[in-house]
Number of protein chains: 2
Amino acid sequence: MKNNPANFYSHELCPIRGILDRFGDKWSILVILLLGDQKDPIRFNEIMATIGDISQKMLTVTLRSLEADGLVVRKQYAEIPPRVEYTITPLGSSLLPHIDGLAKWAVKNQDAVMKMRKKFSTKRKAA
Amino acid sequence: MKNNPANFYSHELCPIRGILDRFGDKWSILVILLLGDQKDPIRFNEIMATIGDISQKMLTVTLRSLEADGLVVRKQYAEIPPRVEYTITPLGSSLLPHIDGLAKWAVKNQDAVMKMRKKFSTKRKAA
DNA sequence: CAGTATCCCTTCCGATACTG
DNA sequence: CAGTATCGGAAGGGATACTG
């Protein structure tokens with residue numbers, strides 16, 4: 001990201017926003033990480049159960065948007081009861097190391113961040 | 001992120017959410033990238049001008065939360081008119097490569113994603 | 001210059017009920 | 001089982017006016 005032309009960040013030029021805004025919701029990153037961890041396709045209800053506190057609605061919405069971006073494949077079987085399986089795509093996998101890096105950073109630095117937050121809030125109260 | 005104990009993603013255990021939720025807003029990632037690119041401290045209004053379409057309110061809020069997390073330092077000079085300068089911290093810098101990776105991914109794959117989105121939306125209308 | 005404070009609209013998202 | 005539809009509260013965030 002170094003050495004950009006004059007204003008990389010501006011509204012008109014920024015190539016990042018349209019893509020990354022998509023991950024700025026509550027669940028996308030988590031779902032991608034989870035799908036990236038699977039060696040086999042995983043079913044809708046399995047994902048729900050694994051995350052635990054995601055609503056059916058939000059899981060549907062999240063998976064649809066990931067599917068629309070080409071990060072996830074949805075495969076539906078004509079059975080009764082229905083079975084739907086989700087898999088990460090190569091494009092999704094190529095994203096994985098980066099959010100994995102983010103996640104690892106979060107794990108490694110969570111204590112530091114929490115400490116800073118606490119310190120900051122007490123300092124603010126004093127002022 | 002491989003080889004986690006049974007349920008890394010669940011509500012109670014996930015160490016990621018409390019940290020990464022913070023970057024799930026509209027501006028944090030962009031501001032960190034921008035600050036990471038500076039070799040000198042940068043002033044409030046410079047940041048505003050560089051981004052272009054961020055409101056004063058949201059820039060303040062964003063910088064405060066980054067400061068609270070220890071990712072950014074705010075230095076205020078007792079002058080009139082006031083001068084306030086922002087710098088990224090070592091902790092913030094340690095995060096930089098990861099969101100830089102994300103940003104680079106976004107740049108590289110934006111065409112692919114856009115194409116997938118278009119394809120998906122037409123396919124959906126057909127159904 | 002670098003903020004606060006307020007208003008208000010929009011989007012997010014959970015809860016619930018219903019369906020092929 | 002894997003959704004869809006609808007409602008309503010909560011949070012996000014822009015516009016504007018004001019201030020040390």
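How many bridges join strand 2 of chain B and strand 3 of chain B, and in which sense do the two pair?

Modeller: This is a predicted model, in which local features need pLDDT of at least 70 and side-chain atom pairs count only at pLDDT 80 or more, while totals for chains, interfaces and linings use all residues. Residues are numbered from 1 along each chain as its sequence is written, chains are lettered from A and ligands numbered from 1 in the order in which they are written, and side-chain values use heavy atoms, with hydrogens and water left out.

Strand 2 of chain B and strand 3 of chain B (residues 83-88) are antiparallel and share 6 bridges. Strands here are DSSP runs of E, at least two residues long, and helices are runs of H or I of at least four, both numbered from the N terminus; two strands pair if DSSP finds at least two bridges between them. Within this pair, B:R74 has B:Y86 of strand 3 as its bridge partner.

The pair belongs to an open sheet of 3 strands in chain B, with order 1-3-2 and antiparallel pairing. Strand 1 (42-43) and strand 2 (72-77) of chain B are the edges, each with a single partner strand, so one side of each has no neighbour in the sheet.

Helix 2 of chain B (residues 28-37) packs on the sheet and touches strand 1, strand 2 and strand 3 of chain B, contact meaning heavy atoms within 4.5 Å. The direction of helix 2 makes about 90 degrees with that of strand 3 of chain B. Axes are lines fitted to C-alpha atoms, for helices over the stretch in contact, and angles run from 0 to 180 degrees between N-to-C directions. Helix 4 of chain B (residues 56-68) lies across strand 2 and strand 3 of chain B, at about 115 degrees to strand 2.
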